[in-house]
Amino acid sequence: MSDTKPTSVEVRLPSRLGYEKVAMSTAAAVAKLMGFPGERVEDLKTAVAEACINAIEHGNLLNEGLSVGVVLSSVDDALEVRVIDDGKGLKTVPAKPDIDKKIHGEEDPRGMGMFLIQALVDEAEWVKGTNGKSSYVRLVIRLDREAE
Amino acid sequence: MQTETKARVDQVKSPAGHPVTVLRFEGDIASTSKEAVLGTYQGLPKESTKLVLLDFTKVEYINSSGIALVIQMLIEAANSGQKVYAFGLSPHFTKVFTMVGITKYAGLFASEALAMAAL
C-alpha cells in the first residue's frame, strides 16, 4: 500500500462487548499495511476499541439486533475510521476526566473512553446522524505525526 | 469474545523486608473483569495488606472499563491507607495509564525486580 491508492475496508460488528477487538485487529492490519509504526498502531487500536465500545454501549444500547459499522479508508498518508451506530449521537463531548476527582469520589471512575480517543488520534469528531440515527465518530490518524 | 481475566495472589517480601501483596493478572482487563480485579483485591485482608503490587505482564488488552476497575481499586486502597504499584505494562499502556493520571496514585515500574527494589 505504499503507492497510497485510496482503499476502503468495512467491518460490521454485533452490538456485543468484546467484538470491538475485531475492529481493533482489522484497523491494526490496515495501519500496518500503510506503514504506520508500532506505537501509532497501538494508539489506533485503543482509539478504535473505545469508539466501538461507545457505539455498542451508548449508541446501540447493547441491542444485539443492531450492528456497529466500521469503515476504514486510507488516503495518502492518513487513515480515517468511521464507527457508525444507530444512536442519536452525543449531546456534548464530556469534559476531560480528572483523576483527583475520581479518587476522591467526586467523579465517576468510568468515562475515560472519549478522552483516550481524542488523546490518541490526530482528529476525532462526533457527528449526529440525520433523523436521530446513523451517528458516527470519525477518527483520523496520520503517518507523518511527529513522535511525542 | 473477551479473554477471561485470571488473577493470582502472591505474598512476598521486598528486599527491604516489607510484606508485598502481588496481584498477578492474565487475559483482558475489561468490563467483565470486575470479579477478577476488584473481587480479588477486596478479598485481601485489609489490616495486613499495606503494599499492593499489580502485575500486568500477561495482560494484552485493557480498555476504559478495565481502567475504571483499576481506578476503583485505587480509591479503595487510598481509603484503606494502602499503597499501590504496578509493573509489566506495555509501553502503550504505560502511556495510557500516564495520560489518565493513574501514575499519580500508583507508581509504575518496568519490571518486578525494579518494583521490589523500590518497596
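First, the ground rules. This is a predicted model, where local features need pLDDT of at least 70, side-chain atom pairs count only at pLDDT 80 or more, and totals for chains, interfaces and linings use all residues. Residues are numbered from 1 along each chain as its sequence is written, while chains are lettered from A and ligands numbered from 1 in the order in which they are written.

Let's start with chain A. Take helix α1, residues 20-34, and helix α2, residues 38-59. Helices here are DSSP runs of H or I with at least four residues, strands are runs of E with at least two, and both are numbered from the N terminus. The axes of α1(A) and α2(A) come within 8 Å and cross at roughly 150°. That makes the two helices roughly antiparallel. (Under 35 degrees counts as roughly parallel, over 145 as roughly antiparallel, 65 to 115 as roughly perpendicular, and the rest as oblique.) Axes are lines fitted to C-alpha atoms, for helices over the stretch in contact, and angles run from 0 to 180 degrees between N-to-C directions.

Which hand does the crossing of α1(A) and α2(A) have? It is right-handed.

Who makes the contact? From α1(A), the residues include A:A23, A:M24 and A:A27. From α2(A), they include A:V41, A:L44 and A:V48. Contact means C-beta atoms, placed from the backbone, within 7 Å. By class, this contact has 12 nonpolar, no polar and 5 charged residues. (Ala, Val, Leu, Ile, Met, Phe, Trp, Tyr, Cys and Pro count as nonpolar, Asp, Glu, Lys and Arg as charged, and the others, Gly among them, as polar.)

Now α2(A) again, with another partner. The axes of α2(A) and helix α4(A), residues 113-120, come within 9 Å and cross at roughly 145°. This crossing is left-handed. A:L116, A:I117 and A:L120 are among the α4(A) residues in the contact. Here the classes are 6 nonpolar, 3 polar and 2 charged.

On to chain B. It has an open sheet of 5 strands, in the order β1-β2-β3-β4-β5, with mixed pairing. Two strands pair if DSSP finds at least two bridges between them. The edge strands are β1 (6-13) and β5 (106-109), and each pairs on one side only. The twist averages 25° from one strand to the next.

Look at β3(B), residues 51-62. It pairs with β4(B) in the parallel sense over 5 bridges. B:V52 stands opposite B:V84 there. From β3(B), the chain crosses through α2(B) to β4(B), and this crossover is right-handed. (With the strands pointing away from the viewer, the path from the first strand over the helix to the second runs clockwise.) From β4(B), it crosses through α3(B) to β5(B), again right-handed. β4(B) and β5(B) pair in the parallel sense over 4 bridges.

Last, the two chains together. How many residues does the contact take from chain B? It takes 22 from chain B and 22 from chain A. On the chain B side, α2(B) gives the most, with 9 residues. That side has 13 nonpolar, 8 polar and 1 charged residues.

Key. Left-handed = near helix turned anticlockwise from the far one by under 90°. Contact = placed C-beta atoms within 7 Å.
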